[in-house]
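Welcome! Take a moment to look over the structure below, and then we will walk through a few of its features together.

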Amino acid sequence: MISLKNIHFTSNACPPNYDESILSVASSVLRHYGVRDCAHKTLREFDKLLEKGYKNVLVMLFDGLGVSSINEHLAENDFLRRHMIKSISSVFPPTTTAATTTVQSGFSPAEHGWIGWDLYFDELDENVSIFSNTLQKDGTAAADYHVAGRYIPYENIFTRIEKANKKVEATYISEFSKHKISCLEDIEKNILKISKRHKRQYIYTYYSQPDHYMHKYGVSSDKVHREILAINSFTERLCKKLNDTLVIVTADHCLIDSEIIYLEDYPLLCDMLKRPPSVEPRALSLFVREGSLNEFKSEFNRLFGDSFILFTKEETLDSALFGSGKQNKKLESFIGDFFAVATGRKTILNNRSSGFYIGVHAGITKDEMTVPFIAVET
C-alpha cells in the first residue's frame, strides 16, 4: 500500500488525516457506548469529555461549516469560536456523501463505499446519483429500488449503538429522517424533547446549511454570513436550555470559490472517455477507451495539471486516500483508469446542463478538508 506520506502533493494540498478526523469522532462515540468492532482511532479530546459520563451526547453536523468559514464569518469571541477545541480532518473526498456516511456509520469511505455524489454501477452500466437514486445523465429514476442501498449497504451508527447497549437510545434528526426538520427551530424542538427522555441519549443532527448558500452565492456572500451567524446564535441558545448534555459541533467539509470548467469544451478528452466522469467534479473517476491511456494522461495533465493530480487506478486503490479498513467490494469498480484530485480552484463539470456553482468542495485543499471540533458542556 502507498502511504499518503509518500505521495507528492502540491503545497496547497492537504491530504486527509484519518487519525484526527470526523471518522475519529464517530469512533469515539462507538467506543463510548460499548461497540466492540470499532476498528478506527478515536479522538483523544472527545474521549476525555465522554469520560465525564453525560446523560446525553449530541453531535450536530452543519453541512459546509468548515474552519475557514467559521474564522471568516465569526468574531473571536463568538460562541462557536470560543468553544472550538481544535481543527480536525474530513475524509476523502470531502463531500457530503462520503463524509456524512462516515459519521453516520463509523466506517471509512474505503469501507462503506459511498465515496461521491455520482457512482458508476456496472450492474446498471450507468452513473447513479446515490442520494437521490437518479441517473446522472438525465435525473430520472435509476431503478425501482435504491441502487446504493442494494449494492453498497452498511449498518448505521444508531443500530450499532443500540445493539451494543440496551440502555442507550440513538436518534437521527434531519430533513431525511423520521424526525423531519426544515429549519433550526425544528432541530431545537426535537433535541429538547428527546434529551428529556429517561434513557441515555445519543443524538445526531444534520443541517444542510451553510453548504446550500455557499454553492449558490459563494463562501463570502452576505447570505452565508447571515446563515453562519444564525447557526452560532442557535447553538448558544440551545446549549443554555440543555442539561447534562455534551454538545459537539462539526462539519462534513468546507467549501472554496471555484473556477468552473466544462468538459464538453474539450472534445479531444471527451472522445477518449468511455462515459462521463463520476464521483465528484473535484474528485473525478475517469474511464478511458482502450488504446488512449497515454494520450489521455498527457492531454489531461497539459490542460489541468496545475489544478489536479492525476492518479492511476492502481495508485488510487493502493493509497490510503479513502482511509483504512476492509475495502468495500464495490470500490474498485467505482474507480476508473484514472482518478483526478483537485488541488487548485478548478472544478470540472461534464456540461453546462450540469449547472454552475460558485462554492465547491471535494478537492484536497486545506480549506475544503479542515473542519471544526467544537465542544460545549452543559
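On the surface, E314, E315, D318 and E332 come together as a patch of negative charge. Keep in mind as you explore that this is a predicted model.

**The negative patch**
- One of the patch members, E315, is found in helix α14.

**Around R275**
- Look for R275 in the loop that runs between α12 (267-271) and β11 (278-280).
- Is R275 buried or exposed? R275 is buried, since its relative accessible area is 18% and buried means under 20%.
- The R275 side chain also has a partner: it makes a polar contact with the side chain of Y120, at 3.3 Å.

**Around L192**
- Your next stop is helix α9, made of residues 184-195, where L192 lies.
- L192 has a relative accessibility of 18%, so it counts as buried.
- How far apart are the C-alpha atoms of L192 and K241? They are separated by 7.8 Å, while the two residues are 49 residues apart along the chain.

Technical notes: Residues are numbered from 1 along each chain as its sequence is written. This is a predicted model: local features need pLDDT of at least 70, side-chain atom pairs count only at pLDDT 80 or more; totals for chains, interfaces and linings use all residues. Side-chain values use heavy atoms; hydrogens and water are left out. Patches are made of residues with over 30% relative accessible area and no salt bridge: like charges are joined within 9 Å, nonpolar side chains (Val, Leu, Ile, Met, Phe, Trp, Tyr) within 5 Å. Accessible areas come from the Shrake-Rupley method with a 1.4 Å probe; for residues, only the protein chains shown count as cover. A salt bridge is a side-chain nitrogen of Lys or Arg within 4 Å of a carboxyl oxygen of Asp or Glu. Lys and Arg count as positive and Asp and Glu as negative; His and the chain ends are not counted. The place of a charge is taken as NZ of Lys, CZ of Arg, CG of Asp or CD of Glu. Helices (H or I, at least four residues) and strands (E, at least two) are DSSP runs, numbered from the N terminus. Buried means under 20% relative accessible area, exposed over 50%, partly exposed in between (1.4 Å probe, protein chains only). A polar contact is a pair of N or O atoms within 3.5 Å; within protein, one must be able to donate a hydrogen and the other to accept it, and residues adjacent in sequence count only if both atoms are side-chain atoms.
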